Amino acid sequence: MSDTPLILGIETSCDETGVAVVEGTRVRSSVLGSQTEAHARFGGVVPEVAARAHVEAIRPLVHTALTAAGVHSDQVDAVAATRGPGLAGALMVGYSFAKALAWSLGKPFVGVDHMEGHLIAPILAHPGYAPPAVVVLASGGHSQIVHVRGWGDYDVMGRTIDDAAGEAFDKLARFMGLGYPGGPAIDLASDGGNPEAIPFPRALRDRPYDFSFSGLKTSVTTYLEKGKATGSLGSLADVAASLQEAIVDVLVDKTMAAVDATGVEVVAGGGGVLANRRLRDRLAAEAARRGVRLCLPPPELCTDNGAMIAVAAGFRLERGDTAGWDSDVDPGLRLGA
Ligand code: KG4
Ligand code: ZN
């Protein structure tokens, strides 16, 4: 096998079927089958709908990814899939498909932690990205600050004690009638709004690296209900910009506190919320002020995709960390546990 193995990566932990071919850290192809429309009318992801949609999408997407990369399936060095965390039924579709494909090709099979995929994804845009680093992970299901001491050596310094950051965006957007998924909707709705218009709460100031977003949710919904009842509701852009600022503030402050405490010179991020324009700008400003290097994937590689699974699999393969034919998904997998 060459130094830059050719890996087919499959991601099916939630509502996106992601398939990619990655060579070392170079994305040869990355395709996505989005299920957003199938779930939008329910206002959130329905596990059974997700699993069925993955079944329908996976074979054509693998074919498209291989064709787009100009690669025949027997040229890949390994096949990888997300092992967890995520929805059991959804995970099983990608994991079983990838395992069967690897077996039939006589190639190694690699199981990848979804959050490790998000954590390594910045390398696809910043080839020099390497530990030690502090990484902020914020998605629909998880919010964590991780001290990456080495690839595969993760110290989770803090996490959310209730909702994940993306979940807060999604729930608030639904309440505001902005649709699903909520993060991109609030990101857009905040345009022209004043982030300081409404002082929504910043929780857990006393716990340096942990998050809590449930108080913010209560505060925003109370503000909106009161505003509607009294006819005093201000601009929607101000509400969106202010609640976004409350989430961004805690993510940035706590990430930078972790950077200061560990003395790392690299700060990175991953997960859907890292596609947020305000968060990216604020992280860039704080990293520049400290003279540390900021490594963020482009927005389309912050949200779920197959490329992050393939590139993370490459590091596992290097360590000889392949999965057996009898291995199974782990919906409750925890980084660093
Ligand atoms: O990583 P991801 O694609 O899936 C999970 O692993 O959960 O993250 C999805 C989350 C959703 O909650 C979505 O609302 C949020 O990322 N998100 C954003 C933005 N784009 C996606 N949140 C804030 N601003 C965005 N631009
Ligand atoms: Zn994710």
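**Entry 1: the model**

I am working from a predicted model.

**Entry 2: where ligand 1 sits**

I looked up the pockets first. Ligand 1 sits in the largest pocket. Then I checked the domains. Domain 1 covers 6-120 + 301-318, and domain 2 covers 131-296. Both domains give residues to the shell around ligand 1, so the ligand lies between them.

**Entry 3: the shell**

I asked how many residues surround ligand 1. The number is 19. The closest are G140, D170, G183, D187 and D304. I sorted the shell by class next. Twelve residues are polar, four are nonpolar and three are charged.

I also asked which helices supply the shell around ligand 1 with at least two residues each. I found α4 (114-120), α5 (165-175) and α6 (182-189). Of the contributors, α6 gives the most, with four residues.

I went through side chains with an N or O atom facing an oxygen atom of ligand 1.

- D170: a side-chain N or O atom is 2.7 Å from an oxygen atom of ligand 1.
- D304: a polar side-chain atom lies 3.0 Å from an oxygen atom of the ligand.
- H118: the side chain has an N or O atom 3.1 Å from an oxygen atom of ligand 1.

I then looked up the cover. On its own, ligand 1 has 550 Å² of accessible area. The protein covers 88% of that area.

D170 and D304 from this list are also among the closest shell residues.

I turned to the backbone.

One runs from G84 to P85, with omega near -10 degrees. P85 lies in the loop between β4 (78-84) and α3 (88-105).

The other runs from Y180 to P181, with omega near -5 degrees. P181 lies in the loop between α5 and α6.

Terms used
Residues numbered from 1 in each chain as written. Chains lettered and ligands numbered in written order. Predicted model: local features only at pLDDT ≥ 70, side-chain atom pairs only at ≥ 80, totals over all residues. Heavy atoms only, no water. Near = heavy atom within 4 Å. Polar contact = N/O pair within 3.5 Å; in protein donor to acceptor, adjacent residues only side chain to side chain. Areas by Shrake-Rupley, 256 points an atom, 1.4 Å probe, with all protein chains shown as cover. 1 Å grid on protein atoms, 1.4 Å probe; cavity = no way out; pocket = protein on both sides within 12 Å on 5 of 7 lines; lining within 4 Å. Sits in = over half its atoms within 2 Å of the grid points. Nonpolar A, V, L, I, M, F, W, Y, C, P; charged D, E, K, R; others polar. Domains from an automatic or database assignment.
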